[in-house]
Amino acid sequence: MKKIAAFILSLCMVLTLLSGCGSSGSSGGAVSENGEWSGAAPKYVFLFIGDGMSYPQVQVAADYLGALADEDYERAQPSKNSIGPILDGPEYLNFMNFDVAGSAVNYDSNSFAPDSASSATAIATGHKTYSSSLSVDEMGTTKYETIAEKIHAQTEMKVGIVTSVNLNHATPGAFYAHQASRSQYYEIGKELVKSGFDYFAGGEFLKVTDLHELAQKAGYKVVRTQAEAEALSSKDGKVIVIGEKLADSSSLSYEIDRAEGEWALADYVKKGIEVLDNKNGFFMMCEGGKIDWACHANDAVTAMHDVLALTDAVQVAVDFAAKHPQETLILVTGDHETGGMSIGFAGTEYDTYLTLLQNQKLSFEQFDALYATKYSRNTPFETALADIEECFGLTVDSKGKMMKLNGYEQEVLKTAFEKTVGTLKGMSVQESNILYGTYEPITVAVTHILNNKAGLSWSSFSHTGLPVAVFADGVGAELFGGYYDNTEIFYKLADLLNVE
């Protein structure tokens with residue numbers, strides 16, 4: 001029965017993509033022949049953006065959960081001449097079960113592989129622009145009003161912005177700031193304060209200087225401890241919540257590194273619902289920003305855990321929508337794909353061994369901080385191998401079975417180790433960039449080997465031009481089926497919410 005249900009669900013998703021429309025659900029409206037919405041506007045709108053999240057990242061997370069739940073998974077890949085157990089398949093993430101699924105093309109004004117600033121600008125404003133630009137035209141002179149600004153100015157709905165990275169990073173910034181360069185962090189921070197939006201939550205500002213003081217003068221309550229955040233309610237007015245425990249670049253922790261009791265992305269969404277509660281409704285954009293960061297480093301396990309953290313945040317919205325079924329729209333999408341992730345590797349041919357991924361205990365960033373950056377020219381290679389076994393389960397002895405490092409893999413690790421500690425000679429800058437990007441060589445080599453053993457591979461340390469999925473559920477979801485440009489997400493939202 002499980003396989004039949006999974007097949008039916010897969011068939012429905014395919015038909016949805018082909019037809020450009022999903023189940024009509026109970027939204028009480030309809031899409032006209034010219035693509036316009038006729039019906040009540042949603043009172044509550046959630047827009048979830050997985051930065052760097054396209055089909056591969058979503059599918060790997062679903063496949064991994066399916067592999068862990070399948071008792072026969074490790075024996076389900078028989079030899080060519082034998083028959084073994086049958087693979088049960090993926091466990092669909094909550095948003096993969098939404099009424100409507102679509103796809104968005106995301107090129108920008110100078111590349112088919114856009115950056116987060118230009119792709120978020122397209123979603124937020126309906127306009128293409130250059131990579132690195134935030135809600136301005138290619139010349140950096142014309143400002144584009146964002147969907148969040150329009151909602152804030154033209155309706156009585158409240159507006160919230162949540163992210164797992166810095167509050168003035170590219171994706172959140174595209175919804176309230178207008179800068180020719182995403183690197184103008186202080187100016188972007190000042191625009192955050194000026195926006196007057198009701199709820200901000202995430203990592204610390206980049207180039208914070210006096211931004212906290214400016215926010216307080218503008219009427220914001222700036223909260224920097226979890227205890228203070230837990231006490232917030234709609235009575236507190238405009239608030240900015242900054243994570244108490246900050247990780248790399250003053251962002252929130254990767255999900256795989258998150259400590260017991262430390263707020264997850266879902267907690268910030270839940271608190272946002274409480275703070276934004278009012279009779280006129282709200283719009284909330286929530287970014288899973290560190291999916292992108294992990295994929296840049298080619299760390300599939302860390303990226304996957306952050307996809308699941310975003311899924312947990314979506315569940316908060318799903319639970320909320322169950323109480324407001326005629327008033328809520330939930331969208332889940334990505335801005336672009338990062339890393340060229342692929343489910344498949346030349347060394348494993350047609351096989352995948354995704355349960356091997358559970359051996360990784362920490363993110364690449366934590367391995368760098370706790371181990372790799374502490375290695376020196378005098379550190380024995382065997383020390384690194386012991387650390388790798390402890391943190392990733394990869395071993396040089398026979399007891400490791402599939403996790404055993406073969407001769408080739410040990411040589412790859414040794415070369416990377418020597419590059420990390422500065423004893424390697426003869427490697428060109430180009431070769432180093434292709435092998436390791438800008439990341440710690442030993443760490444990249446480890447994650448590549450583990451990913452490859454599991455049947456996953458990467459083609460880049462940068463963004464790629466893959467389209468992204470758009471999942472929609474609730475009031476007006478029917479608008480978001482089909483295959484379209486990412487700028488259409490803005491226009492569909494504007495149509496739904498009756499903003500000019």
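Me: Why is Phe-282 called buried?

Reply: Buried means under 20% relative accessible area, exposed over 50% and partly exposed in between, with a 1.4 Å probe and protein chains only. Phe-282 has a relative accessible area of 1%, so the residue counts as buried. This is a predicted model, in which local features need pLDDT of at least 70 and side-chain atom pairs count only at pLDDT 80 or more, while totals for chains, interfaces and linings use all residues. Residues are numbered from 1 along each chain as its sequence is written, and side-chain values use heavy atoms, with hydrogens and water left out.

Me: What makes Phe-320 buried?

Reply: Its relative accessible area is 11%, so Phe-320 falls in the buried class.

Me: How do you know whether Thr-209 is buried or exposed?

Reply: Thr-209 has 59% relative accessibility and therefore counts as exposed.

Me: Why is the pair of Phe-46 and Phe-320 called edge-to-face?

Reply: Rings of Phe, Tyr and Trp (its six-membered ring) pair if their centres lie within 6.5 Å; planes under 30 degrees apart count as stacked, over 60 as edge-to-face and the rest as tilted. The centres of Phe-46 and Phe-320 are 5.7 Å apart and the planes stand at 70 degrees, so this pair is edge-to-face.

Me: What makes the pair of Phe-282 and Phe-320 tilted?

Reply: The two rings are 5.7 Å apart centre to centre, with 45 degrees between the planes, and the pair is tilted.
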